[in-house]
Amino acid sequence: GPAIPKDATSSVTVPVAGGANNEVCDRRATTLGLAMLILPFLPASNLFFPVGFVIAERVLYMPSMGFCLLVAIGFDKLISWASSYHRHSNSEEGNASDATQEDSPQRPRGVVARSVCWGLMAVVILSLTCKTLVRNADWRSMSSLCDSGVKVNPGNAKIHFSIGNVHAQEGLRSCEGHYRDAIRLRPNYTAAWVNLGLVILNMDRAAEAEAAYKRAIEINPNSGNAHTNYGHLCRLQSRWSDAQHHYEEAIKQQPDNPVLWHYAGVSCKELKNYTCAGDYWRTCVKKHPSYADSWFSLGLLLSREHVAGRSGQDVPWSKGKRAKMAEDALRSGLKFQPTNTNAWLALTQLLLKNNQAKEAEMIARQALSQVPDNSLLRYWLGHAMEVRQFIPQARKHYEAALQLEPGNKLAAKALKNLK
């Protein structure tokens, strides 16, 4: 038969399965992109149920991946179209080349199409870059971030609440207005009622603060923060029974909060329920061994024999086992708060009352290494020296105490008795 030129196959189109496979892959990629764009965002969209946070960048991480994938697929489709248009354009220009040889050369339409595609992509990238730079400026501080949020969504209670928190931390009175805006937009916003009460209490408007706390508890009787702050308000007003009640309610919701256990004990002590107070403080230090205030309160409680009808300095000092427990509690607290003057004073006096003058001297010296300019500690060191019959040293410390505090009556009286 006739010979077939070697390059004859170049003009033959052979159908292959690759095109179909590419279409399947494109459909799958598009489906994946749409799924990543839509599905992760649905739970935070408020379409099906309300959510408790402001829609922000953190809920757009997965959707942004789907968006980028769809942009890439779309751009690939455009480039493919421009390339096919380029080949078609070149074919037409080749067929008509003889007729247009006299015309000036023109740029192929396919090249223009590709250039337009790349230009569009450059515009998309540049616009998103500018948007990112603008958004980065919003993230410079919490205040600027919240301000940008309220501009976009002024009817969102959570944003006003967040701005109120930021302004409260900065000591700005404008926080009250934002808390009130949050409450106006969401009247049952418990946290906003609680923070509003705290802010106006700091403005010496206790009655309004109490009303805010009551409203918060009406909305949510199990609000630990509402009961905590209401308890603090009652404590500041010396309403010890009410304070104890609210601290106990708060403990039910926040059993690991040492502040609640401590102040519940304080309330019990003021109500002269010393057993209850001791139980609260023991629980506190058991749960939080480094909470020094409860160690000190427990030590001071145990250092005295609380007898009915006697109070203040008339309450006798503890002896024996109870005194030892008081000493251990005070020492434990001083490990975590070594500059607490009252604890050092109580421990020194406790040891002296239990005929341990040498140990009292050691404690007083240790205390003065932590609080060197305390007149009372200097006096008790002198007293320990006097008990041990070191009179010259005692006189020296009494004189030092008077130099630090000329009005120290204990040191003046002790020095007079020595002379």
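Reader: At roughly what angle do the axes of helix α7 and helix α9 cross?

Author: In this predicted model, helix α7 spans residues 190–202 and helix α9 spans residues 224–236. Their axes come within 9 Å and cross at roughly 20°.

Reader: Is α7 roughly parallel or roughly antiparallel to α9?

Author: Angles under 35 degrees count as roughly parallel. The axes of α7 and α9 cross at roughly 20°. Therefore α7 is, relative to α9, roughly parallel.

Reader: Which residues of α9 are met by α7, and how many residues of the contact are nonpolar?

Author: From α7, the residues involved are Val194, Leu198 and Leu201. They meet Asn225, Ala226, Asn229, Leu233 and Leu236 in α9. By class, this contact of α7 with α9 has no charged residues and two polar ones, and its nonpolar residues number six.

Reader: Is the crossing of α10 and α11 left-handed or right-handed?

Author: On the α10 side, the contact is made by Trp240, Ala243, Gln244, Tyr247, Ala250 and Ile251. The α11 side contributes residues including Leu260, Trp261, Tyr263 and Glu270. The crossing of these two helices, α10 and α11, is left-handed.

Reader: How many residues in the contact of α10 with α11 are charged?

Author: The contact of α10 with α11 has 11 nonpolar residues and two polar residues. Glu270 of α11 takes part in this contact, and Glu counts as charged. The number of charged residues in the contact is one.

Methods: Residues are numbered from 1 along each chain as its sequence is written. This is a predicted model: local features need pLDDT of at least 70, side-chain atom pairs count only at pLDDT 80 or more; totals for chains, interfaces and linings use all residues. Side-chain values use heavy atoms; hydrogens and water are left out. A crossing is left-handed if the near helix is turned anticlockwise from the far one by less than a right angle, and right-handed if clockwise. Helices (H or I, at least four residues) and strands (E, at least two) are DSSP runs, numbered from the N terminus. Contact means heavy atoms within 4.5 Å. Axes are lines fitted to C-alpha atoms, for helices over the stretch in contact, and angles run from 0 to 180 degrees between N-to-C directions. Angles under 35 degrees count as roughly parallel, over 145 as roughly antiparallel, 65 to 115 as roughly perpendicular and the rest as oblique.
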